[in-house]
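Hi,

Here is the structure I promised to pass on. Have a look at it first, and then read my notes below.

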Amino acid sequence: MYHDITILVENLDVCRYFYREVLQLGEPFMDSNHTVVFQLGEEAFLVLEKCAGKFLEHASSATRFTLPCADLNALVEKMQKDGVELSDEFIRLGKVSRRGYDPEGNIFIAVQQ
């Protein structure tokens with residue numbers, strides 16, 4: 001079954017780096033000046049779409065998304081080096097999880113695989 005999560009971002013270059021390197025999603029499945037697509041599974045994708053709309057207000061968004069993380073502790077350390085804190089651990093659907101924000105304030109939950 002096909003699924004995608006689309007995140008509207010202002011600075012595509014900064015967000016591309018964050019999702020590729022910090023969250024370690026790897027090289028994009030598709031990469032352009034307007035859209036970056038990361039493949040999360042066989043038919044699951046995370047889409048970053050450039051949007052200059054002044055209506056974007058990420059931190060108060062009602063949407064959150066969850067990404068698997070092979071090493072949650074390593075992610076915590078990596079983000080702390082960049083001055084970004086993840087939440088304390090909590091259990092979500094039986095898995096150890098932490099909440100964080102991307103460079104534009106979009107909320108994500110990293111779940112230990």
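Strands β7 and β8 (residues 107-112) run antiparallel and are joined by 5 bridges. I count two strands as paired if DSSP finds at least two bridges between them. Helices (H or I, at least four residues) and strands (E, at least two) are DSSP runs, numbered from the N terminus. In this pairing, Y101 sits across from I107 in β8. The two strands make a hairpin with 5 residues between them, and G105 in the turn has a positive phi of about 90°.

Before I go on: this is a predicted model, so local features need pLDDT of at least 70 and side-chain atom pairs count only at pLDDT 80 or more, while totals for chains, interfaces and linings use all residues. Residues are numbered from 1 along each chain as its sequence is written, and side-chain values use heavy atoms, with hydrogens and water left out.

On its other pairing, β7 (residues 95-101) runs antiparallel to β6 (residues 90-92), with 3 bridges between them. F90 has S97 in β7 as its bridge partner. That hairpin has 2 residues between the strands, and L93 takes a positive phi near 50° there. L93 isn't a glycine, in case you want to check the backbone. With a relative accessible area of 78%, L93 is exposed (buried means under 20% relative accessible area, exposed over 50%, partly exposed in between, using a 1.4 Å probe and protein chains only).

Q24 is another non-glycine residue with a positive phi, near 55°. You'll find Q24 in the loop between α1 and β2, and at 60% relative accessibility it counts as exposed.

Now the open sheet. Its 4 strands come in the order β1-β4-β3-β2, with mixed pairing. β1 (3-9) and β2 (30-31) are at the edges with a single partner strand each, so one side of each has no neighbour in the sheet. β1 and β4 (residues 44-50) run parallel, joined by 7 bridges, and I5 stands opposite L46 in β4.

Then the helices. What is the angle between α1 and α2? Helix α1 (residues 12-22) and helix α2 (residues 72-81) pack at about 140°, with their axes 12 Å apart. The axes are lines fitted to C-alpha atoms, for helices over the stretch in contact, and angles run from 0 to 180 degrees between N-to-C directions. That makes α1 oblique to α2 (under 35 degrees counts as roughly parallel, over 145 as roughly antiparallel, 65 to 115 as roughly perpendicular and the rest as oblique). The contact, meaning heavy atoms within 4.5 Å, brings F18, E21 and V22 in α1 to L75, K78 and M79 in α2. By class there are 4 nonpolar, no polar and 2 charged residues in it (Ala, Val, Leu, Ile, Met, Phe, Trp, Tyr, Cys and Pro are nonpolar, Asp, Glu, Lys and Arg charged, and the others, Gly among them, polar).

In α2, the buried residues are L72, L75, V76 and M79. They cover an arc of only 100° around the axis, so they lie on the same side of α2; the arc is taken from the directions from the helix axis to the C-beta atoms. Their cover includes α1, β5 (65-69), β7 and β8.

L75 counts as buried because its relative accessibility is 6%. Leaving out residues up to four places away in sequence, L75 touches V22, L23, C69, L86 and A110.

Cheers
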